[in-house]
Structure formats: structure tokens, C-alpha cells
Amino acid sequence: MDMTQITEYVQPELLILVPVLYIIGMIIHKTEKIDNKFIPIILGIVGILLSALWVVATASLATPSEIAMAIFTAIVQGIIVAGVAVYANQIKKQATNSSSQG
């Protein structure tokens with residue numbers, strides 16, 4: 001599965017979160033106060049929260065079914081956009097490591 005296939009699952013309005021989360025990850029990494037292994041988890045949580053904010057702002061939450069769908073959408077979209085941001089970071093690292101070795 002490549003990046004194009006993964007991004008097909010992201011709501012178009014939420015694609016902006018990918019570079020936002022990527023930048024947040026870079027900022028966290030540069031602080032050196034948080035271990036790198038926790039950055040994907042932090043980005044996942046931030047992605048879910050930002051996705052939830054979008055869902056609450058755009059969805060009707062009148063019935064329990066709509067609320068459940070909003071929660072599901074926020075969690076799934078948040079995880080996907082965080083995953084794409086981390087994936088993009090790994091591709092950049094691989095490209096940087098490949099070019100410095102060759």
C-alpha cells in the first residue's frame with residue numbers, strides 16, 4: 001500500500017493535518033525533552049483531537065448514532081493522518097540516509 005492509497009481514506013478537509021502533524025513532530029523532536037519513541041503516540045493523540053474538533057464543527061450530533069459515528073470518524077481519521085505524517089518523516093529519513101551513503 002502506497003501513500004496515495006492511504007490518503008484516499010482521509011477526508012479531504014483533514015489532509016491539511018498531515019503537514020501540521022509533521023511540523024509538530026519536528027518541533028517535539030528538536031526539543032529533545034521527549035523520547036522519539038513517544039512522538040508517534042503524541043501525534044496520534046493530537047491528530048484525533050484535531051479531527052474531533054473538525055467533526056464536531058461539521059457534523060450533526062443529534063442522535064446517539066450520529067455521536068457514535070462522529071467519535072469513530074475522529075479516531076480513525078486522527079490515526080490515519082498521524083500515520084501519514086510519521087510515514088512521510090520516515091521516507092524523508094530513508095532518502096537522507098540513502099543519499100549520504102551513496
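This is a predicted model: local features need pLDDT of at least 70, side-chain atom pairs count only at pLDDT 80 or more; totals for chains, interfaces and linings use all residues.
I started with the contacts (heavy atoms within 4.5 Å): of those in the chain between residues at least 6 apart in sequence, 70% join residues at least 24 apart.

Residues are numbered from 1 along each chain as its sequence is written, and side-chain values use heavy atoms, with hydrogens and water left out.

Next I looked up the elements. I get 4 helices and 0 strands, in the order α-α-α-α from the N terminus. Helices here are DSSP runs of H or I, at least four residues, and strands are runs of E, at least two, numbered from the N terminus.

Then the dimensions: the C-alpha trace spans about 55 × 30 × 15 Å along its principal axes. The accessible surface (Shrake-Rupley, 1.4 Å probe) is about 6,800 Å², and 67% of that belongs to carbon and sulfur atoms. Of the 102 residues, 24% count as buried, meaning under 20% relative accessible area, with exposed over 50% and partly exposed in between.

I also checked the surface for a nonpolar patch (residues with over 30% relative accessible area and no salt bridge, nonpolar side chains joined within 5 Å; a salt bridge puts a side-chain nitrogen of Lys or Arg within 4 Å of a carboxyl oxygen of Asp or Glu). Val 56, Leu 61, Ile 67, Ile 71, Ile 75 and Ile 79 make one up, with about 500 Å² of accessible area together. Helix α4 (residues 64–101) gives the largest share, 4 residues. I picked out Ile 67, which sits in helix α4 and is partly exposed at 38% relative accessible area.

Methods
Patches are made of residues with over 30% relative accessible area and no salt bridge: like charges are joined within 9 Å, nonpolar side chains (Val, Leu, Ile, Met, Phe, Trp, Tyr) within 5 Å. Buried means under 20% relative accessible area, exposed over 50%, partly exposed in between (1.4 Å probe, protein chains only).
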